[in-house]
Amino acid sequence: MNIQRQDPLKHAMPGPQLAVVAEALFLINLMLLPVLAFLVLMVLWAKFHDHEDPLVRNHLRQTGWTCIWGGLVLVCTSIAILLLGGFDNPWTWVIGILYFVLVHAGLILLGIMGLSRAINGRSWRYPVFGPREPV
């Protein structure tokens, strides 16, 4: 099946709306409504994971798995830093907050890149956290 894409020179958003929504929910999960946006993204993935458009499947799969793995790594490592360093050690807080801010900002940057790719009708793979796409 051949999917026709809109001309990017004539349309502001030639990518499929569902792919753009998935990437937007990824960013909303990171910045505005963490649990709610994640749940909506998981509902979308459960409902449309076998969508006929491979671009929609790509963005739903990438954002879903990156939310799961990125969130687990971010939370577990932050907790480990706090537990290993002790709550009364000021360097624990410096390292923990620095780690959280840098990784969180990195995920936001990658999410913006994914949103840009979805808007332009291109596939995307999140480095480190994103699953490899089947060939």
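**View 1. The second largest pocket and the classes of its lining residues.** By class, the lining of the second largest pocket in this predicted model consists of 3 nonpolar, 2 polar and 3 charged residues, where Ala, Val, Leu, Ile, Met, Phe, Trp, Tyr, Cys and Pro count as nonpolar, Asp, Glu, Lys and Arg as charged, and the others, Gly among them, as polar. The lining is made up of Trp 45, His 49, Pro 54, Arg 57, Asn 58, Arg 61, Glu 133 and Pro 134, and α3 gives the most to it, with 4 residues. About 160 Å³ of space lies in this pocket. A pocket is an open set of points, on a 1 Å grid over the protein atoms alone, where a 1.4 Å probe fits and which has protein on both sides within 12 Å along at least five of seven lines, and lining residues have an atom within 4 Å of a point. Grid points are joined across faces, edges and corners, and the volume is the space filled by probe spheres set on the points.

**View 2. The largest pocket and the helices around it.** The space in the largest pocket comes to about 260 Å³, and the elements that give two or more residues to its lining are α1 (17-31), α2 (34-48), α3 (54-85) and α4 (90-119). Of the 16 lining residues, Asn 29, Leu 30, Cys 67, Gly 71 and Leu 74 lie nearest the centre of the pocket, while the largest share of the lining, 8 residues, comes from α3. Divided by class, this lining has 11 nonpolar residues, 5 polar ones and no charged ones.

**View 3. Asn 29 in helix α1.** Asn 29 has its place in helix α1 and is buried, with a relative accessible area of 13%; buried means under 20% relative accessible area, exposed over 50%, and partly exposed in between, for a 1.4 Å probe and protein chains only. When its neighbours within four places in sequence are left aside, Asn 29 is in contact with Pro 34, Val 35, Ala 37, Phe 38 and Cys 67, contact being heavy atoms within 4.5 Å.

View 4. Helix α2 has 15 residues and reaches 21 Å from its first C-alpha to its last, close to the 21 Å expected at 1.5 Å a residue, the expected span being 1.5 Å times one less than the number of residues. In α2, Ala 37, Leu 41 and Leu 44 are buried. They lie on the same side of α2 because they cover an arc of only 60° around the axis, an arc taken from the directions from the helix axis to the C-beta atoms. On the other side of α2, Val 35, Leu 36, Val 43 and Lys 47 are exposed, whereas the cover over the buried residues includes α1 and α3.

**View 5. Val 128 and the chain as a whole.** Val 128, in the segment after α4, has a positive phi of about 70° although it is not a glycine, and at 74% relative accessibility Val 128 counts as exposed. The protein chain has 4 helices and 0 strands, where helices (H or I, at least four residues) and strands (E, at least two) are DSSP runs numbered from the N terminus. Of the 135 residues of the protein chain, 37% count as buried.

**Notes to all views.** Residues are numbered from 1 along each chain as its sequence is written, and side-chain values use heavy atoms, with hydrogens and water left out. In this predicted model, local features need pLDDT of at least 70 and side-chain atom pairs count only at pLDDT 80 or more, whereas totals for chains, interfaces and linings use all residues.
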